[in-house]
Amino acid sequence: MMAVTSNHQRRETWRQFLIDAVALLSSSLDYDATLITLANLTVPEIADWCSIAMRHDDGSIHTLAVAHVDPAKVALAHDLQKRIPAASDDVRGVAQVIRSGTPDLTHEITDSMLVEAISDPEVLATMRQLGFCSAMIVPLKARGQTLGAITLVSAESAHLFDEDDLSLAQDLASRAALAIDNARLYQQAQKVAAEHTAVMERIADALVLVSSNEEITFMNEAARRFFGAQLVGQSVEQSGTQIQVRSWKDGAYDPDLFPSRRALRGEVVHDLEWKVLLPDGTDAYLLGSASPVDTEDGNRLGAVVAFRDVTSRKQAEDELHRLSAELEQRVIERTVQLESANQELEAFAYSVSHDLRAPLRSMDGFSQVLLERFGEQFDERGTRYLNHIRDAAQEMGRLIDALLQLSRVSRGEMRPERVDLSGLAHSIEANLHTADPDREVQFVIDHGMAAIGDAPLLHVALENLIGNAWKYTRNSPCARIELSVTRQDAIPVFMVRDNGAGFDMAYVDKLFTPFQRLHAAGEFEGTGIGLATVQRIIHRHGGRIWAESATGQGATFCFTLQPTRKSSA
């Protein structure tokens, strides 16, 4: 403890002690080291014992540093503090000083004080053994807050603290508190920085922090992996030795367009794409962003740059462009081929319409002339043969007409408009009754059915569907034909239902194939082209058609006129 012969010497010695103490305390920003340094400074210069207790954020009080010239006694002091720990609600001692922010001086510690304060006999015996004779507790205050308290005890020296000692202790505590608070704030800042660094290290994108003088101050793992080196401490320009920028997406390479430089000028850069040459000689494409980093008062600290390697995506895009160009070329070629095929089909249709009809007309016509002029000269068999020739020629004519119609519905230009399907159905019904007035068939047609489509094509489709229902109900005693509409997945589904002959669903796959018939020609007439024509018309409208039936129980044909989730029939 200081040996002082006069007040002047005491003040001068104390002043020099404070200078040395402040210099020593300011030499480190390590929080725990600062507390230990403060405790060791006071022993034995000011007191025989020193204990420093700090208040944590939850209000609890913990002793973090104890000093004495004898290490054995330090261990004893720690044991005592475990047995009688300071509580935040204590009405005296360290807790009271921290709570109130005012110092506490006990000029002389008497045995009666120990007996009154300590009820545990073992603890009382230990305190008597330590020989405490005087104590003072001063708060550690900084920035208007009480951080903790420093306890100074006199024992072996038998010095009794007075007001001058308390004043000097408070002076030391106020200076030490600033050093402790700086160390505490630095520790907190380091913790936050470590947390932020840990987060940035885990980000998949490469992150680079650049200072205001264009020096790289941080690179996360993704950035280090991409550059193949740790470039912290180098300038942005020096980093170009690792990766050479070839060009920006919008033009040739310009150093002033580098994201960090633009951010340092105050720009916020989004999704900038640039091409670089890697150390291994390969090209890579980067997509990055950059933002300035400013303090609250507007001072520019630097910039943060984030980028990712989009080479794979770029290569995929280039491949997609190549495939698109190739597909476009194929479409052009196929279009030319299709136009050529259509021209050939037109020529074939013309040939069928003109070149094939003429011989058929001759066969039918001359057979009729033979029957009319020379009929008496033929016996029954000859007459029958001529009639067979006429029937075959007429059947061939009907087949040619059906083929031409199938060709026309596949090739003609569509003119979409709103079509009154109910009206078309009633018109077809009237034509059927006119052609065969002796038949009694009940028609049930929903009112107001309409769709967007090509009116002539839809008329052909309905004419075939309703005509089939008319034909296959020929043998039904109470023939009935229905045309209705329902909805599936919000899409209109039109249905033509009859109670006629029906068909076996085992052969449904043949239903829409040209020239495939599920009934014998002698049973029901037909060319086998009608349903194939209907299917093509429906497909040209983007719809689908399907059928449900059972032999002898009628048939239901369903169709849509717009795409559905199901595949086309």
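## Overall composition

The chain holds 14 helices and 19 strands; helices (H or I, at least four residues) and strands (E, at least two) are DSSP runs, numbered from the N terminus. This is a predicted model, in which local features need pLDDT of at least 70 and side-chain atom pairs count only at pLDDT 80 or more, while totals for chains, interfaces and linings use all residues. Residues are numbered from 1 along each chain as its sequence is written, and side-chain values use heavy atoms, with hydrogens and water left out.

Of the 569 residues of the chain, 38% count as buried. Buried means under 20% relative accessible area, exposed means over 50%, and partly exposed lies in between (1.4 Å probe, protein chains only). The accessible surface of the chain is about 32,300 Å², and carbon and sulfur atoms account for 52% of that area; the areas come from the Shrake-Rupley method with a 1.4 Å probe, and for residues only the protein chains shown count as cover. Among contacts (heavy atoms within 4.5 Å) between residues at least 6 apart in sequence, 60% join residues at least 24 apart.

## Nonpolar cores

A nonpolar core is a set of buried Ala, Val, Leu, Ile, Met, Phe, Trp, Tyr and Cys residues joined through side-chain atoms within 4.5 Å. The largest one has 38 residues, and those with the most contacts inside it are Leu421, Phe443, Leu462, Leu465, Phe557, Phe559 and Leu561. Two or more residues come from each of α12 (421-435), β14 (441-445), α13 (455-472), β16 (479-488), β17 (491-498), α14 (530-540), β18 (545-549) and β19 (555-559). The element that gives the most to this core is α13, with 9 residues.

Leaving aside residues up to four places away in sequence, Leu421 touches Met449, Ala450, Ala451, Leu458, Leu462, Leu483, Phe494 and Leu561. A second, separate core has 36 residues, including Leu25, Ala39, Ala142 and Ala176.

## The five-stranded sheet

An open sheet is formed by 5 strands in the order β2-β1-β5-β4-β3, with antiparallel pairing; two strands pair if DSSP finds at least two bridges between them. At the edges are β2 (61-68) and β3 (104-106), each of which pairs on one side only. Neighbouring strands of this sheet are turned by 15° against each other on average, direction ignored. For such angles, axes are lines fitted to C-alpha atoms, for helices over the stretch in contact, and values run from 0 to 180 degrees between N-to-C directions.

Thr106 has Ala135 in β4 as its bridge partner.

## Strand β6 and its partners

Strand β6 (residues 206-211) is mostly covered, with 5 of its 6 residues buried. An antiparallel pairing over 6 bridges links β6 to β12 (residues 300-309), where Ala303 is the bridge partner of Val210.

β6 is also joined to β7 (residues 216-219) by 3 bridges, again running antiparallel. Here Val208 has Met219 as its bridge partner. The hairpin of β6 and β7 has 4 residues between the strands, and Glu214 in this hairpin takes a positive phi near 65°.

## Arg313 in helix α10

Arg313 lies in helix α10 (residues 311-374). Arg313 counts as partly exposed because its relative accessibility is 39%. Its contacts, not counting residues up to four places away in sequence, are with Glu273 and Leu287. The C-alpha atoms of Arg313 and Tyr285 are separated by 9.0 Å, and the two residues are 28 residues apart along the chain.
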